Amino acid sequence: PNTSESDVYSQNIISQLRCVSNWIETFVDPNRCIDYLTNIENEKAFIIVSDNFSQQLVPLILDIPELFALYVFCRENQIHDRWIKDHHKVKGVFSQMELLCNVLKRDMQQADLNLVSISFASETSSIDINNLDQSFMYSQLLKEILLKMEYNETAKTEFVEFCLIQQVENESAISIIDEFEQKYDQPSPIWWQQSEFADNAINSALFNYIISVIMAKRRDGNASLLHLEKVSQVCQNVPIDHPALAGHYVHLIPPPRASSIDIHPNATWSKNGITVAGGNGYGSATNQFYNPWGLYVDDDLTIYVADVLNHRIVEWKSGATNGTVVAGGNGQGNGTHQLNCPRDVIIDKESDSLIISDTGNGRVVRWPRRNGTCGETIISNIGCWSLTMDDNGFLYVVNSGKHEVRRYKMGDTQGTVVAGGNGQGNRLDQLSYPTYVFVVDREHSVYVSDRDNDRVMKWEEGAKQGIVVAGGQGKGNSLTQLDHPFGVVVDQLGTVYVADFANHRIMRWPKGATQGSVIVDGNSIWWKSNQLSLPIGLSFDRHDNLYVADYGNARVQKFNIA
């Protein structure tokens with residue numbers, strides 16, 4: 001709204017936006033914008049609204065399902081705190097179009113991951129897609145679509161024409177495509193992705209081109225493609241060092257975040273764990289922990305551990321025998337270079353920093369991940385335990401002392417209660433010393449380990465009370481019970497994985513189940529490879545291997561997926 005293509009200023013804005021997306025609709029009437037949103041089908045809209053119309057339009061469109069994200073463009077940088085704080089679709093207020101475009105590009109890439117879902121199994125097919133290995137499916141995709149493409153001049157011309165159609169009126173993208181057409185001389189189609197001339201426009205067109213070829217092959221009855229269920233799922237779960245990618249760099253889709261894990265419902269893990277960090281007794285040496293608590297597994301399999309009584313965060317590279325202190329480690333204290341009993345750590349990829357729950361100091365700290373010597377307090381005076389972050393950049397913090405979970409926009413120090421907040425208790429609208437939180441991005445639901453109620457609760461977005469999804473049958477060790485649950489992870493099927501602390505086991509609870517199953521240990525409290533002692537932190541890597549912070553044994557155990 002309030003944007004016209006007739007003036008120079010608006011034309012400049014539209015020109016910048018076309019570098020991000022070629023499909024742009026402009027409106028000067030808010031009602032026409034609303035009509036457009038309510039009439040589109042099978043698409044997601046990204047709305048940039050000027051400050052002149054924001055108060056009139058924003059409240060009317062936030063709940064329209066087709067709206068994926070909203071951005072307020074304000075030349076005077078006015079602050080619309082209420083909207084920013086209260087709705088996940090509002091990405092912020094921007095006074096610089098360049099910054100807005102960068103955020104918009106990132107959000108559109110995330111939307112692509114959520115929207116692309118193509119089934120290639122025919123109704124009569126006997127293939128069980130769920131049992132097929134995703135790496136195998138990705139290899140088949142590369143073989144059938146990229147490696148078997150024709151790479152003569154006709155094929156090259158066809159691809160360039162496709163790119164031009166995708167980027168019509170985008171002068172910046174068209175100039176890159178023209179340069180690509182003139183100078184490309186690699187001998188294989190897979191190199192189109194890695195060409196020095198390829199930018200986001202080429203990459204986006206290539207992805208669409210692959211899908212169009214897949215659909216064309218399906219229409220032609222090519223049965224060899226019936227293995228593929230979902231392109232986005234396949235691409236997200238393939239390591240960059242996969243053999244099919246040897247000598248090439250293909251980055252169609254970025255690696256998944258922990259909140260986007262997709263584990264087969266019948267997956268099993270090795271009963272014997274491998275010690276990948278610590279395991280050398282309690283201590284302060286770089287190969288030891290003194291009460292490991294929260295952990296985070298990065299995309300490159302680097303592990304970050306909150307080492308509570310050593311007052312530090314330790315980084316363990318894959319295969320390393322010693323860790324590296326990356327935050328704290330300067331004694332217990334409240335200085336900017338110190339931590340006090342940190343209980344959790346996550347990575348903020350946007351700022352390439354660690355976000356640390358500095359529990360003993362009652363603060364949440366942001367610490368540079370590369371050669372950081374001190375941290376910056378971003379939330380203070382909070383009884384913080386665990387943290388997580390969703391794909392929209394919102395930070396979720398468990399305040400155990402107040403029996404609640406709050407969601408924060410970066411820069412916001414007040415936050416919004418998204419679970420609990422009604423005092424300590426066992427009602428469905430209450431929590432009792434919550435420990436861990438997990439967010440499923442596609443539905444924005446919050447899962448909370450409700451420690452002293454021996455249950456895991458699910459709070460849907462905007463809900464006034466939660467739903468019990470695991471435990472809730474009193475303290476105990478039967479398959480219907482939990483005893484002080486801590487770490488929790490939830491996959492895209494709604495399956496809950498929880499560290500059952502006092503029962504020394506990891507449990508899986510399928511969505512809607514009335515009882516769970518033990519997937520790791522449950523044998524006894526001890527130090528052997530098939531045993532755990534007071535498991536706390538829980539995480540999965542991009543291969544779906546399971547990592548457990550084995551608190552009582554001062555180690556991190558990895559259980560490989562079978």
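**Reading buried residues, strands and pairs**

Mentor: Start with burial: Ser-539 has a relative accessibility of 8%, so Ser-539 counts as buried. Buried means under 20% relative accessible area, exposed means over 50%, and partly exposed lies in between (1.4 Å probe, protein chains only). Note that this is a predicted model, in which local features need pLDDT of at least 70 and side-chain atom pairs count only at pLDDT 80 or more, while totals for chains, interfaces and linings use all residues. Residues are numbered from 1 along each chain as its sequence is written, and side-chain values use heavy atoms, with hydrogens and water left out.

Trainee: Where is Ser-539 found, and what does Ser-539 touch?

Mentor: Ser-539 belongs to strand 25, residues 535–540. Helices (H or I, at least four residues) and strands (E, at least two) are DSSP runs, numbered from the N terminus. Contact means heavy atoms within 4.5 Å. Not counting residues up to four places away in sequence, Ser-539 touches Leu-295, Val-297, Val-489, Asn-545, Leu-546 and Tyr-547.

Trainee: How many residues of strand 14 are buried?

Mentor: Five of the five residues of strand 14 (residues 395–399) are buried, so strand 14 is largely enclosed by the rest of the structure.

Trainee: Which strands pair with strand 14, and in what sense?

Mentor: Two strands pair if DSSP finds at least two bridges between them. Strand 13 (residues 384–389) pairs with strand 14 in the antiparallel sense over four bridges, and Met-389 stands opposite Leu-395. Strand 15 (residues 404–408) also runs antiparallel to strand 14, joined by five bridges; there, Val-405 is the bridge partner of Val-398.

Trainee: What do the hairpins look like?

Mentor: The hairpin of strand 13 and strand 14 has five residues between the strands, and Gly-393 takes a positive phi near 85 degrees. Four residues lie between strand 14 and strand 15 in their hairpin, where His-403 in the turn has a positive phi of about 55 degrees.

Trainee: How do I read a nonpolar core?

Mentor: In soluble globular proteins, nonpolar side chains tend to be buried together. A nonpolar core is a set of buried Ala, Val, Leu, Ile, Met, Phe, Trp, Tyr and Cys residues joined through side-chain atoms within 4.5 Å. The largest core here has 76 residues, of which Leu-354, Val-364, Leu-395 and Leu-546 touch the most other members. Strand 17 (residues 434–440) gives the largest share of this core, five residues. A second, separate core of 20 residues includes Phe-27, Phe-53, Leu-57 and Leu-67.

Trainee: How many salt bridges are there in the whole structure?

Mentor: Side chains of opposite charge can pair when their charged atoms come close. The rule used is a side-chain nitrogen of Lys or Arg within 4 Å of a carboxyl oxygen of Asp or Glu. A search of the whole structure finds 17 salt bridges. In one of them, Asp-500 and Arg-505 meet at 2.7 Å, N to O. Asp-500 is buried at 0% relative accessible area, and Arg-505 is buried at 6%.

Trainee: How many aromatic pairs does the search find?

Mentor: Rings of Phe, Tyr and Trp (its six-membered ring) pair if their centres lie within 6.5 Å; planes under 30 degrees apart count as stacked, over 60 as edge-to-face and the rest as tilted. The search of the whole structure finds 14 aromatic pairs. Trp-269 and Tyr-497 form an edge-to-face pair, 5.9 Å centre to centre with 80 degrees between the planes. Trp-269 lies in the loop between helix 10 and strand 4 and Tyr-497 in strand 22 (residues 496–500), so the pair ties together parts that are 228 residues apart in sequence. Both Trp-269 and Tyr-497 are buried.
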